[in-house]
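Have the viewer open as you read.

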Amino acid sequence: MILTPISPAQLDAALDRFAEQLADPAAAAAFARIRATSADRAQGSVAEKHRRAALAWARSLGIAVHPPGMRCAFNWDGAALDGDTEAYVILHEAAHFVLAPPERRRLVDFGLGAGPDTRDRAAADRAAALPIAERDEEEGAASLLGILWEAALRQPALASFLDQNWLEGLDRSAAPHFMRVLQRLRTLGLVDGEAALQMREIR
């Protein structure tokens, strides 16, 4: 849910203001990739194409996916992903998988507590294994990594960037937060390319 909605008429100006505050060239390059995508979610056959591409990317990372039609109480149940969901959700959960250590990959929702789509919220919250502050840090990293994967797959990364509130605190904390999270991903070796300024293309 977008905390502070931005009207379509104001969006370009808001994105310009955000870009102007990105002093780090790596952050500016990453944001340019995100901004080049659509601010609108895909629909119909295009959305299905995106979903299949997201599943292929998740499987390439060694992530198991439940068979189609299986009703899942969690996006990640400690063994496999729920594949019957939107592409951006799949990529977000795949990012969590990459960021989580092996012991937390065995926990529902990666031991982070219930997420927006979790059906069995009580069970997910019981499995929470990190303090809230650390959960928030990991959510930020998974959010940005998933968005960068969307951009590399030429999916609507900007829609996720807006939905996941990366412009919240536009004139105060938004750009510094983006740069901090991106630096964490660079330190982990999850964002690469020429001089670590851009994400590796997914082909």
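Helices (H or I, at least four residues) and strands (E, at least two) are taken here as DSSP runs, numbered from the N terminus. Residues are numbered from 1 along each chain as its sequence is written. The model is predicted, so local features need pLDDT of at least 70 and side-chain atom pairs count only at pLDDT 80 or more, while totals for chains, interfaces and linings use all residues, and side-chain values use heavy atoms, with hydrogens and water left out.

**The loop between α5 and α6**

Let us begin with two loop residues. D109 is found in the loop between α5 and α6, and F110 lies in that loop too, between α5 (102–105) and α6 (121–126). Buried means under 20% relative accessible area, exposed over 50%, and partly exposed in between (1.4 Å probe, protein chains only). D109 counts as buried because its relative accessibility is 7%, and F110 counts as buried because its value is 0%.

The backbone here deserves a look. Most residues other than glycine have a negative phi. D109 has a positive phi, near 50 degrees, and F110 has a positive phi as well, near 55 degrees.

What surrounds F110? Contact means heavy atoms within 4.5 Å. Leaving aside neighbours within four places in sequence, F110 is in contact with W76, E93, H96, F97, A100, R104 and R105. F110 and A129 are 19 residues apart in sequence, and their C-alpha atoms are 8.4 Å apart in space.

In the loop between α3 and α4 sits N75. N75 counts as buried because its relative accessibility is 9%. Not counting residues up to four places away in sequence, N75 touches A80, L81, D82, V89, E93, D109 and D117.

**The nonpolar cores**

In soluble globular proteins, nonpolar side chains tend to be buried together. A nonpolar core is defined as a set of buried Ala, Val, Leu, Ile, Met, Phe, Trp, Tyr and Cys residues joined through side-chain atoms within 4.5 Å. The largest such core has 53 residues, of which F18, I34, L144, F161 and F178 touch the most other members. Two or more residues come from each of α1 (8–20), α2 (25–35), α3 (44–60), α4 (87–99), α7, α8 (157–163) and α9 (174–187). With eight residues, α7 gives the most to this core.

I34 shows how such a residue is placed. Apart from its neighbours within four places in sequence, I34 is in contact with L144, I147, L148, A151, A157, L158, F161 and F178. A second, separate core of five residues includes F74, A123, A124 and A127.

**Helices and their packing**

The expected span of a helix is 1.5 Å times one less than its number of residues. For α7 (residues 132–152), the 21 residues should span 30 Å, and the end C-alpha atoms are 30 Å apart, which agrees. The 14 residues of α9 should span 20 Å, and the end C-alpha atoms of α9 are 20 Å apart, which agrees.

After α7 comes R154, with a positive phi near 60 degrees. After α9 comes G189, with a positive phi near 75 degrees.

The buried residues of α9 are A174, A175, F178, M179, V181, L182 and L185. Their cover includes α1, α2, α4, α7 and α8.

Axes are lines fitted to C-alpha atoms, for helices over the stretch in contact, and angles run from 0 to 180 degrees between N-to-C directions.

| Helix pair | Angle between axes | Distance between axes |
|---|---|---|
| α4 and α7 | about 125 degrees | 8 Å |
| α3 and α4 | about 15 degrees | 8 Å |

Angles under 35 degrees count as roughly parallel, over 145 as roughly antiparallel, 65 to 115 as roughly perpendicular and the rest as oblique. That makes α3 roughly parallel to α4, whereas α4 and α7 are oblique to each other.

The contact between α3 and α4 is made by H50, R51, A54, L55, W57 and A58 of α3 and by A87, I90, L91 and A94 of α4. In the pairing with α7, the α4 residues in contact include Y88, L91, H92 and A95, and those of α7 include E138, A141, L145 and W149.
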